[in-house]
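Please look over the structure below, with an eye to helix packing, charged pairs and backbone details. The report follows it.

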Amino acid sequence: MESSTMICNGWSWGVSSFQLPLRRRRDGLKMAADGVSFLSSLSSRASSMVNGGNEYKISLNFRVQASHSHRANSSAIAMNRDFPQNTDLPRYYSKKEKKPFPVPILELRRAARQRIKDAKGKPKKPVPPPRNGMLVRSLIPVAYEVMNARITLINNLKRLLKVVPVLACKHCNEIHVGSVGHPFRSCQGIRSDTRNGMHDWTKATVEDVFFPMEAFHLFDRLGKRIAHQERFSIPRVPALVELCVQAGVDLPDLPTKRRRKPVIRIGRSEIIDANEDDLPDPKPDRFKKPILAEIPDSDVIPPSTPEETAQLSEDTLEAWDTMRQGAHKLMRRYGVRVCGYCPELHVGPSGHKAQNCGAFKHQQRNGQHGWQTAVLDDLIPPRYVWHVPESSPVLQRELRNFYGQAPAVVELCVQGGAEVPDRYKPTMRLDIGIPTSLKEAEMVV
């Protein structure tokens with residue numbers, strides 16, 4: 001069987017040729033011609049197909065019927081795409097469930113046993129930074145980039161909120177990007193049963209769109225763990241700012257200890273600082289960059305033209321992606337912990353000892369947190385909201401299954417005129433047609 005390749009509007013189609021019977025009967029030739037014409041029509045319609053998944057394979061079976069024999073011929077069509085067509089949102093865990101570990105505990109134990117086995121009989125390796133108290137020099141520019149991207153994002157959101165309406169519920173933490181709130185009965189706030197789950201909308205702020213997760217500020221990230229009695233004497237700052245400070249960003253109002261020599265470990269949890277008196281005076285850090293300043297609310301100037309709004313939305317999306325990608329790089333080397341029962345965060349090698357967890361069955365743990373490794377969405381919550389399609393700016397309750405969702409920042413920028421990034425299209429369901437009536441929706445299989 002010979003094979004051929006067709007390229008149509010950026011799609012690569014690998015099509016295997018048909019095997020015709022040796023005895024070319026009239027009816028066999030007719031069926032084969034019908035199969036070839038079907039393939040040609042299918043390739044002509046490839047441009048009208050929606051963006052597919054990573055790889056879709058469609059098997060087309062044709063039977064070429066002759067007088068004395070039946071032969072089945074097949075052709076395979078492969079389509080390569082970087083992102084899937086439609087994906088579900090991350091699973092929502094109720095307050096009675098514990099968050100799963102990013103890596104299963106069995107795999108962690110297996111990897112620990114393997115490390116002990118590989119290190120047996122070999123000289124002990126020096127502890128790498130940042131575990132030895134030193135900074136990872138290659139990540140200092142990334143920390144400054146994340147810090148400035150965060151401030152740029154906040155300043156741009158303040159300007160966009162002047163022209164793009166965003167609503168927030170008065171009784172729960174749900175928000176909606178649009179002039180009219182969605183009609184879905186999903187409110188779980190105070191006295192929601194009296195309102196039958198309906199939301200009570202009001203004007204949203206920047207903190208509703210970009211929620212600031214807070215954490216304790218550590219003067220020494222390798223020092224003693226924060227005790228329960230110290231929880232009110234230690235300042236709390238945005239967790240992303242604390243991560244950048246520990247990664248090398250110097251802020252005058254958040255002093256932190258910088259070491260120039262690796263620490264000396266005298267025990268599993270005991271360390272002493274090396275003597276730095278023999279070192280020369282420190283030189284100015286070449287990685288240090290100026291930190292941007294947040295715009296006060298009274299000095300916010302909204303964009304004046306639609307073109308300026310669209311450009312501002314594109315810059316906001318770029319700052320959002322830069323911040324998330326940089327924070328993900330920092331989290332690979334600098335430990336960030338999250339409670340498995342509540343949203344409490346701690347930036348450091350181990351969690352604090354403050355007994356302020358009020359999640360499900362906290363009495364059994366005496367209020368202590370169940371620390372585990374955090375993921376990016378724990379540090380920077382995406383705050384998924386309903387995507388409002390251009391065809392129907394007002395959402396309908398009966399068509400809820402046809403609507404997609406996107407992070408609040410992304411949806412705000414899209415309604416401001418920015419182009420939808422490819423990585424957010426699967427959850428926004430842009431390729432799904434919205435029925436015009438309830439009768440049409442009931443006919444969908």
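What follows is a short report on helices, salt bridges, one surface patch and some loop residues.

The model is predicted, so local features need pLDDT of at least 70 and side-chain atom pairs count only at pLDDT 80 or more, while totals for chains, interfaces and linings use all residues. Residues are numbered from 1 along each chain as its sequence is written, and side-chain values use heavy atoms, with hydrogens and water left out.

**Helix packing**

Helices and strands here are DSSP runs numbered from the N terminus (helices H or I, at least four residues; strands E, at least two). Two packed helices are described by the angle between their axes and the distance between the axes. Axes are lines fitted to C-alpha atoms, for helices over the stretch in contact, and angles run from 0 to 180 degrees between N-to-C directions.

Two helix pairs are described here. Helix 5 (residues 239-246) packs on helix 6 (residues 306-333) at about 55 degrees, with the axes 11 Å apart. That angle makes helix 5 oblique to helix 6. Angles under 35 degrees count as roughly parallel, over 145 as roughly antiparallel, 65 to 115 as roughly perpendicular, and the rest as oblique. The crossing of helix 5 and helix 6 is left-handed. The term left-handed applies if the near helix is turned anticlockwise from the far one by less than a right angle; clockwise is right-handed.

Helix 3 (residues 140-160) and helix 8 cross at roughly 50 degrees, and their axes come within 11 Å. Helix 3 is therefore oblique to helix 8. This crossing of helix 3 and helix 8 is left-handed.

How many residues of helix 8 are buried? Helix 8 (residues 408-415) has 7 of its 8 residues buried. Buried means under 20% relative accessible area, exposed over 50%, and partly exposed in between (1.4 Å probe, protein chains only). The buried residues of helix 8 are Ala-408, Val-409, Val-410, Glu-411, Leu-412, Cys-413 and Val-414. Gly-417 follows helix 8 and has a positive phi, near 120 degrees.

**Salt bridges**

Side chains of opposite charge can pair when their charged atoms come close. A salt bridge here is a side-chain nitrogen of Lys or Arg within 4 Å of a carboxyl oxygen of Asp or Glu. The whole structure holds 16 salt bridges. The table gives some of them.

| Pair | Closest N to O distance |
|---|---|
| Arg-236 and Glu-344 | 3.3 Å |
| Arg-324 and Asp-377 | 2.9 Å |

Take the salt bridge of Arg-236 with Glu-344. Arg-236 lies in strand 9 (residues 236-238) and Glu-344 in the loop between strand 12 (336-339) and strand 13, so the pair ties together parts that are 108 residues apart in sequence. Arg-236 is partly exposed at 32% relative accessibility. Glu-344 is buried, at 13% relative accessible area.

Next comes the salt bridge of Arg-324 with Asp-377. This pair links distant parts of the chain: Arg-324 sits in helix 6 and Asp-377 in helix 7 (residues 376-379), 53 residues apart. Arg-324 is buried at 15% relative accessibility. Asp-377 is partly exposed at 32%.

Elsewhere, salt bridges that share partners join Asp-220, Lys-257, Arg-259 and Asp-273 into one network.

**Surface patch**

Phe-101, Val-103, Ile-105, Leu-106 and Leu-108 make a nonpolar surface patch of about 410 Å². Patches are made of residues with over 30% relative accessible area and no salt bridge; like charges are joined within 9 Å, nonpolar side chains (Val, Leu, Ile, Met, Phe, Trp, Tyr) within 5 Å. Accessible areas come from the Shrake-Rupley method with a 1.4 Å probe; for residues, only the protein chains shown count as cover. Phe-101 lies in the loop between strand 4 (70-80) and helix 2 (105-119). Its relative accessible area is 38%, so Phe-101 is partly exposed.

**Loops and backbone**

The loop between strand 13 (345-347) and strand 14 (371-373) holds Asn-356. Asn-356 is partly exposed at 37% relative accessibility. Asn-356 and Glu-344 are 12 residues apart in sequence, and their C-alpha atoms are 9.2 Å apart in space.

Lys-361 is also in the loop between strand 13 and strand 14. Its phi is positive, near 60 degrees, in a residue other than glycine. Lys-361 is partly exposed at 43%. Asn-366 lies in the loop between strand 13 and strand 14, and has a positive phi of about 60 degrees although it is not a glycine.

Where does Pro-130 lie? Pro-130 is in the loop between helix 2 and helix 3. The peptide bond from Pro-129 to Pro-130 is cis, with omega near 5 degrees.
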